[in-house]
Structures are given as C-alpha cells and as structure tokens.
Amino acid sequence: MLTKEIYKIEASKNLLTKYNIEYDKCDIKSIICATYIANLIDGDYPLTQVQVDKLK
C-alpha cells in the first residue's frame with residue numbers, strides 16, 4: 001500500500017545520511033515508524049477499520 005512512497009523517502013534519506021556525518025536522527029526514526037505501520041496494515045494482524053484509519 002505505502003511501499004512506493006516509503007521507498008522513495010527511504011532512498012532519499014539514505015543518500016543524505018551516506019554523505020552527511022551530522023544527519024537527522026528524527027528522520028530515520030520516522031522512516032522506521034512508517035515502515036512498521038505499513039507492515040501492521042498489510043500484515044495478518046486483527047485490526048479494526050478504525051485502527052487502520054488511525055494508522056493511515
């Protein structure tokens with residue numbers, strides 16, 4: 001569902017952290033959270049529609 005969007009964000013952040021020593025750790029944390037949320041939504045977890053809407 002969100003994989004293309006997450007991939008584009010992760011690829012750009014990866015390039016920034018690759019060449020920058022003082023990278024922003026909050027961006028990396030946001031990417032990890034977004035990937036985890038996408039896995040929750042796409043996974044086999046028993047989520048209600050309300051929970052799915054809040055995660056999106």
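The model is a predicted one, so local features need pLDDT of at least 70 and side-chain atom pairs count only at pLDDT 80 or more, while totals for chains, interfaces and linings use all residues. Residues are numbered from 1 along each chain as its sequence is written, and side-chain values use heavy atoms, leaving out hydrogens and water.

Helix α2 covers residues 25-42; helices here are DSSP runs (H or I, at least four residues), numbered from the N terminus. With 18 residues at 1.5 Å a residue, α2 should span 26 Å, and its end C-alpha atoms do sit 26 Å apart, which agrees. The expected span is 1.5 Å times one less than the number of residues. Four residues of α2 are buried, namely I31, A38, L40 and I41. Buried stands for under 20% relative accessible area, exposed for over 50%, and partly exposed for in between, with a 1.4 Å probe and protein chains only. The cover over these buried residues includes α1 (3-19) and α3 (49-55).

How do α1 and α2 sit against each other? Their axes come within 11 Å and cross at roughly 155 degrees. The axes are lines fitted to C-alpha atoms, for helices over the stretch in contact, and the angles run from 0 to 180 degrees between N-to-C directions. The two helices are therefore roughly antiparallel, a label given to angles over 145 degrees. On the α1 side the contact is made by I6, I9, E10, K13 and T17, and on the α2 side by D27, I28, I31, A34, T35 and A38. Contact here is heavy atoms within 4.5 Å. Sorted by class, this contact has six nonpolar, two polar and three charged residues. Ala, Val, Leu, Ile, Met, Phe, Trp, Tyr, Cys and Pro count as nonpolar, Asp, Glu, Lys and Arg as charged, and the others, Gly among them, as polar.

Some of these contact residues can be looked at one by one. T35, in helix α2, is partly exposed, with a relative accessible area of 27%. Setting aside neighbours within four places in sequence, T35 touches I6 and E10. Over in helix α1, I9 is partly exposed at a relative accessible area of 45%. T17, also part of helix α1, is partly exposed too, at 25%. T17 and I28 are eleven residues apart in sequence and 9.2 Å apart in space, C-alpha to C-alpha.

Definitions and conventions:
Angles under 35 degrees count as roughly parallel, over 145 as roughly antiparallel, 65 to 115 as roughly perpendicular and the rest as oblique.
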